[in-house]
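Subject: Structure handover

Hello,

Here is the structure I promised to pass on. Please open it alongside this note.

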Amino acid sequence: MTVYEFAKGLILEAGINVKKIMKQDIKIETKSNPNDLVTNVDKATEKYLFDNIKQTYPNHLVIGEEGHGHELKDEAGVVWVIDPIDGTLNFVHQQENFAISIGIYNDGKPYAGFVYDVMNDVLYHAKTGEGAYENGNLLPAISSTQLKTSIIGINPNWLTKPRLGEMFKPIVNEARSARAYGSAALEIIHVATGKLGAYMTPRLQPWDFAGGLIILNEVGGVGTNLLGEPLSIYEPSSIIMANKDLHSELIDNHFKKNYEIVQLLQQKLKAKND
């Protein structure tokens, strides 16, 4: 069995376990602030993924949202980047619109990505160079769009921040419309399937984007930070995921014009991560 096939089975099994645990009491804790939640399901799911990965592949490394591998910096070897529940607020309040995400990287290069929409039982998956799939169906390459004809994904909370609002409001005003789904992994998938032209955020952790980025790349999409620079699985970053033409339009017409804001944002994220 290849690593790809193993991961595909593992994420589906983890989803089954999530559904089982959901029928019991969900225990909720806060992390950095009252809106930054973690549940017993997040912790149990990450432990399940970690234990199975290490049992099968003892030499593989794991970076997980709930504590595993946050000190890792070395790109050598196989690294799994996992988010046990992406969209925890949705999970707690809606019991839907959340996903399990896995990105696998080999010597720093993308190998395979998985995003499992648990409640809809839809697995998005891709192996680098071999296309992306929705369950067993090959996803087509995404079409390029212009901002004025695109629906974009962005959390409206960012529009209320003084300097970030100045940068993002003109983009929202120029777009056909904007949406917020509450799960970064699923919003990246919405870009990969053409439901969104772009998804952007000033701050995102690697486990939120590692799996979806590989899937997006396989359908011709582009994912970078807001300066157009490559993303690292070892540090948080600003994010823009989009089809090719829209990615270029947003970088050239908006984010480069706000270079100082974006540069300061990247510096703060890096300093916080060091």
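Below is what was found in it, starting with the ground rules.

This is a predicted model: local features need pLDDT of at least 70, side-chain atom pairs count only at pLDDT 80 or more, and totals for chains, interfaces and linings use all residues. Residues are numbered from 1 along each chain as its sequence is written, and side-chain values use heavy atoms, with hydrogens and water left out.

**Domains**

The domain assignment gives domain 1 (1-136) and domain 2 (145-269). Such bounds come from an automatic or database domain assignment. The two centres, taken over C-alpha atoms, are separated by 22 Å. Domain 1 puts 40 residues into the contact and domain 2 puts in 21 residues. Contact means heavy atoms within 4.5 Å.

**The sheet**

Seven strands make an open sheet with mixed pairing, in the order 3-4-5-6-7-8-9. Strands (E, at least two residues) and helices (H or I, at least four) are DSSP runs, numbered from the N terminus. Two strands pair if DSSP finds at least two bridges between them.

Strand 4 (residues 78-86) and strand 5 (residues 99-106) run antiparallel, joined by seven bridges.

Asn-106 has Lys-109 in strand 6 as its bridge partner. These two strands form a hairpin with two residues between them. Asp-107 sits in the turn with a positive phi of about 55°. Asp-107 is partly exposed, at 47% relative accessibility. (Buried is under 20% relative accessible area, exposed is over 50%, and partly exposed is in between, with a 1.4 Å probe and protein chains only.)

Six bridges link strand 6 to strand 7, again antiparallel. Gly-113 is partnered by Ala-126 in strand 7. This hairpin has four residues between its strands, and Asp-121 in the turn has a positive phi of about 55°.

**Helices against the sheet**

Helix 2 (residues 40-56) lies across strand 3, strand 4 and strand 5. Its direction is at about 155° to strand 4. Helix 5 (residues 184-192) lies across strand 4, strand 5, strand 6 (109-117) and strand 7 (122-127), at about 105° to strand 6. Axes are lines fitted to C-alpha atoms, for helices over the stretch in contact, and angles run from 0 to 180 degrees between N-to-C directions.

**Helix 4**

Helix 4 (residues 162-174) bends by about 30° at Phe-168, and Pro-170 follows within four residues. The bend is the angle between axes fitted to the seven residues ending at a residue and the seven starting there. The buried residues of helix 4 are Leu-164, Gly-165, Met-167, Phe-168 and Ile-171.

**Two asparagines**

Where is Asn-135? Asn-135 is in the loop between strand 8 (132-134) and strand 9. Not counting residues up to four places away in sequence, Asn-135 touches Asp-121, Val-122, Leu-123 and His-125. Asn-135 is partly exposed, with a relative accessible area of 36%.

Asn-97 lies in the loop between helix 3 (88-94) and strand 5. Its phi is near 60°, a positive value in a residue other than glycine. Asn-97 is partly exposed, at 33% relative accessible area.

Best wishes
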